[in-house]
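Hi,

Here is the structure I said I would pass on. Have a look at it first, and my notes follow below.

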Amino acid sequence: MKTLIIDGNWNLKRNYLPPHRKSLMGANGKLCGGTFGFLDSTKAVLNKLMPDRTIVAWDGFHAGKMRYNLYKGYKAKREKDWESETRIIATEGVGNSEDADKFQMLVQKIEVQTYLDELFVRQMEADYVEADDLIAYYILGSTDPNEHIYIFSRDQDFYQLISEKVSIISPDSFEIITIHNFKEKIGFCVENSLLVKCIEGDDSDEITGVGGVKRATLLENFPAMANEKYTYKRLVDEACAIQNSRQNSKPKKKRLSKLDTLIESENIVYRNATLMNLKRPFLNQEAIDLVNAVRTQCLDSDRSIESAMQMFAKDGFNKFVGENNLGYFFGPFYNLKSKEKEFEESLK
């Protein structure tokens, strides 16, 4: 069984353009870059993969707060967003352009979710929980030996989940990164994904890394990382050996400052491992129950692709695909419907 999991907020944001920029508009004059773009990219990846099941995972209300409570630097710039969410919803973004932009993004997120409800796409969203954690928990709990999971995202955090039954599908070329081609594509063995991430940090999540030490530095000084699994302790031991060798050489060589930084950064690396390790996702009971339900339950039988097509026309999206191409656009969703019906029949 092929399962496609889409990182919802990421896919919405990459398609969305705020009102003050050249935003996509439907034939009815309504802003729709995020909504139509999400549907179009979903259609494209469905065509490429032809999955048996598709799931979209969303960041919930106040997503990230659990990590923030452990490390106040985590997404610190978004603290203001958490505080303003209720106000923006209540005022519909009236007040300033930043609030209006955030409200418009929320509107289009809800529109996408409404479409997906009719298109036989499963969805996951839980308050305080990030989409990454929902995806990770779904993957970690997969017990079907025949299920292969494809993650549609550009987020490199997901590299650590790659295995014989988990792959990443690129949003740009639809190239698939697997456990077998990972080293060729990325430059090191997949088992080192979390360690490299902990050392590099993550600017988008405002998680500081080991200053000045990036992937290139690691591979230059520890070439065995390309083929062998490393721990932070092994890195430190080898870094100390390199420094001692340089000092004992004739003529004596200067110590490498980046390696000294790496040796002295145990607290940073282990803190980041706590924040970034998707094999230990941050969840609450609502999220656990939700993912288990998404994994095992049949979809509601009253879903209707025809209803989605009617919404599509009402929103003025027909102009983007042409009246004669609606069957082609919605074809992959009909295939998804057929697969979901097969799953329902298998449980009887």
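To start with a loop: between which two helices does Val 190 lie? Val 190 sits in the loop between helix 7 (182-186) and helix 8 (193-200); helices here are DSSP runs of H or I with at least four residues, strands are runs of E with at least two, and both are numbered from the N terminus.

Before the rest, some housekeeping. Residues are numbered from 1 along each chain as its sequence is written, and the model is a predicted one, where local features need pLDDT of at least 70, side-chain atom pairs count only at pLDDT 80 or more, and totals for chains, interfaces and linings use all residues. Side-chain values use heavy atoms, with hydrogens and water left out.

Back to Val 190, which is buried at a relative accessible area of 11% (buried is under 20%, exposed is over 50%, partly exposed is in between, with a 1.4 Å probe and protein chains only). Not counting residues up to four places away in sequence, Val 190 touches Tyr 159, Ile 162, Ile 179 and Phe 182, where contact means heavy atoms within 4.5 Å. Its C-alpha atom is separated by 8.8 Å from that of Ala 226, 36 residues apart along the chain.

Six strands make an open sheet with mixed pairing, in the order 3-2-1-4-5-6 (two strands pair if DSSP finds at least two bridges between them). Strand 3 (122-124) and strand 6 (176-177) are the edges, each pairing on one side only. Strand 6 pairs with strand 5 (residues 166-169) in the antiparallel sense over two bridges, and Ile 169 stands opposite Ile 176. Helix 6 packs on the sheet against strand 1 (2-7), strand 2 (53-57), strand 3, strand 4 (148-152) and strand 5, and its direction makes about 165 degrees with that of strand 1. For angles, axes are lines fitted to C-alpha atoms, for helices over the stretch in contact, and the range is 0 to 180 degrees between N-to-C directions. Helix 13 (residues 285-296) also packs on the sheet, touching strand 2 and strand 3, at about 170 degrees to the direction of strand 3.

**Cores**

The largest nonpolar core has 52 residues, and Ile 199, Leu 218, Phe 222 and Leu 235 have the most contacts inside it. A core here is a set of buried Ala, Val, Leu, Ile, Met, Phe, Trp, Tyr and Cys residues joined through side-chain atoms within 4.5 Å. Helix 6 (residues 131-140) gives the most to this core, with six residues. Apart from it lies another core of 35 residues, among them Trp 10, Leu 116, Phe 330 and Leu 336.

His 62 is in the loop between strand 2 and helix 3 (65-70) and counts as buried at 13% relative accessibility. Phe 174 is in the loop between strand 5 and strand 6 and is partly exposed, at 22%. The peptide bond from Lys 250 to Pro 251 is cis, with omega near 0 degrees, and Pro 251 is found in the loop between helix 10 (232-248) and helix 11 (257-263).

**One more residue**

Gln 113 is found in helix 5 (residues 97-118) and is buried, with a relative accessible area of 15%. Leaving aside neighbours within four places in sequence, Gln 113 is in contact with Trp 58, Gln 123 and Glu 125.

Cheers
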